[in-house]
Every structure is written in structure tokens, then in C-alpha cells.
Amino acid sequence: MDVKQLLDILSDGEFHSGENLGLRLGITRAAVWKRLQYLAVLDIPVEASRARGYRILGGMDLLSRDRILSALAPDARVLLGNLSCLLEVESTNSSLLQSGGCGDVCLAERQTAGRGRRGRQWFSPYGRNLYLSVRWHFDQGITALEGLSLAVGVLLAETLDRIGIANIHLKWPNDLLCGGNKLGGILIEVGGDLTGECVVVVGIGLNISMSDVLRDGAATRIDQPWTDLKQLGFSASRNDLCGAILSSLLPALNDYPVHGFEQYQDRWQSRCAYLNQPIQVFLPTGNCEGILLGVDGQGALRVATKEGELLFSGGEISLRSAV
Ligand code: BTN
């Protein structure tokens, strides 16, 4: 059901009568009612008042291609391919893995099958967070891309710093944490020839105002403590944030084969969650305990164990504080 135009009207947070909505959309009041009901399916809380009509309390900051483009720095603009802002998609990562060109960007208001690392689901309610994927083509194979997901974490944390959201920590390999709670995550997926010309999709999920959805009663289970930018004081537009992220990400992707992870190592280390603390590492082959020493020049995890210092890398590995 197409609710885009209805949302465009209601996103101002003001009351609109059913009659007025019908007139503006060129549909019957019954059709308006159906669309309003569909908004509930999307977990968008619509308040109804007999006398005044319908509104979305607090309004909604919908994605806008034009606003993102105008927030983009010129050196990123020249690297951008096709920019699409979809209402709904299975996964922005899947969409760009299937087809696209270098520099294409896909955003969606909602993902029906958003995914995280290690086969997990990524909770993707409508219009509240950021679901952003960028497609990039590299011709040096995936070894030239070591540490890329950690580098993206650094770029995101630094972008957030610049807009006044401080104290973002990075949990290896690529979780963004604030106060120990998860704020976002990065999922990098690769296609094509892994030893030569390959396609990389960098997927970013950032919680922005998820608390609105949960407060309004959407049933959901997120299996770890989380936070969102709104709770951290963010009140700017998602579009401006998206422009700022792409402004740093696109030039960094372009530059990555030349300089690699080394230029990010110290920046990552300075934000490393649980640095010098006891951690547990979960491996497909079993678990291991030690003290977290940070990362090496390729982005591998350094852990001091009873057997000496060990290095870990690979998508199936995760860690947890053992304090
Ligand atoms: C994680 O922490 O497990 C990584 C989460 C990555 C989620 C983003 S949302 C945009 C993109 N599309 C997806 O399906 N996943 C990534």
C-alpha cells in the first residue's frame, strides 16, 4: 500500500482531518482510513481526535534525497553514484549486492529482513533509525580491505563527535557503543572475485529514535542493551546526518586501497571498548579468555592470554567483557 504521500502530510506533526487528507490525496475517506491503519502495521503511532483529525505526535523526519544531496560535501558528491531512498526494502545490503554501480547508496525507511553480523536479525522499524548501504568496487581483492569495517566504525564515531555526540566507543570488530549500550553496527558483505575485482557493500545501522517506537508499544526483542541518538541529545535531521556520514565515508572508501587500515589503527584504539580489561572471545572452535590489548595494523584483535599474545580476525568471532 502506498502511504508515502500520506506520511509526507502527517510528518509535520499537525492534526489533519480525514476529509482534508482525502481531498489532498485524491482518495475517499475510507481509503484514507485504510492507509491510516496500515501506518499502525508499520509501527507509526497515529493519534486520532474526533474533533481535529489525525496526527503523528512529534512528527517524522522522513528521508529526503534532495536534503541528503545538499548536505553532501563536494568531494563526496563526485564519488556518489545512484542515491535511492526507499520506503521499504528487505535489506539495503541485499539490494546493493544484487545490482548497482560503484558509489551507489541505498537508504530505506524500513527493512523487512534487515540483517546483522553472524546471521542475526537487525531490528528495522519504520522511519526511526538509519539503514544505509554503500556499494563500492575494488580491484585488489579482499586482502586490500582488511580492517575496512573497523575503519568505517572510526569514521562514524568521528562524524558523531563532530555533531556533538561524544564518548562513542568501538567494540571489536564493529559495534558502536555509548555508555556500554549498542548504538549501531556495521555489516560489510563482499561479492565478485574475492582475489581480484570485487564488490563490497558497507551496511550501517544506526539507532536514532528507536525509543519512540518502543515507548509506543511495538513488540520487539533486542537481545542486548541498546541506546539511540535521541537519548544522547541528538535532535538534528536524519538527512543531515546521512549527508555527514557519506561525506566522510565515500572519500575514505576511495582512498582505502592506497592507505589501508594503518591510518585508522590509533584512532580505533583510542575508542576501543574494554581496552586493557578482561574479555571472553567467542570462536567457532571454542572460547578463549584474556586481556584486550587493542588491534594490530590490519585490524586483528590482540588479546593477552596465558599462552601469550594471540591475534584474532574473521567474521564469526565476537567478544564480551568478562568484568
Ligand atoms: C551488526 O551490528 O550486527 C551489524 C548491523 C548492520 C545493519 C545494517 S542496516 C543497513 C544494512 N542492511 C542490512 O540488512 N544490514 C545493514
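This note sets out points on the fold, the surface and two individual residues of a predicted model.

1. Overall make-up. The protein contains 10 helices and 14 strands. Along the principal axes, its C-alpha atoms occupy a box of roughly 70 × 45 × 35 Å.

2. Burial and surface. Of the 323 residues, 52% count as buried. The accessible surface of the protein amounts to about 14,900 Å², and carbon and sulfur atoms contribute 47% of that surface.

3. Ser11. This residue is found in the loop that links α1 (4-10) to α2 (18-25). Is Ser11 buried or exposed? Its relative accessible area is 19%, and Ser11 therefore counts as buried, the cut-off being under 20%. When neighbours within four places in sequence are set aside, Ser11 is in contact with Gly59, Met60 and Leu62.

4. Ile142 belongs to the loop between β5 (130-138) and α7 (148-162). Its relative accessibility is 34%, so Ile142 is classed as partly exposed, a term that covers values between the 20% limit for buried and the 50% limit for exposed. On the surface, Ile142 forms a nonpolar patch with Val190 and Leu194; together these residues have about 210 Å² of accessible area.

Terms used
Residues numbered from 1 in each chain as written. Predicted model: local features only at pLDDT ≥ 70, side-chain atom pairs only at ≥ 80, totals over all residues. Heavy atoms only, no water. Patch = residues over 30% accessible without salt bridge, like charges linked within 9 Å, V, L, I, M, F, W, Y side chains within 5 Å. Areas by Shrake-Rupley, 256 points an atom, 1.4 Å probe, with all protein chains shown as cover. Salt bridge = Lys/Arg side-chain N within 4 Å of Asp/Glu carboxyl O. Helix = DSSP H or I, 4+ residues; strand = E, 2+ residues; numbered from the N terminus. Buried < 20%, exposed > 50% of the residue type's maximum accessible area, 1.4 Å probe, protein only. Contact = heavy atoms within 4.5 Å.
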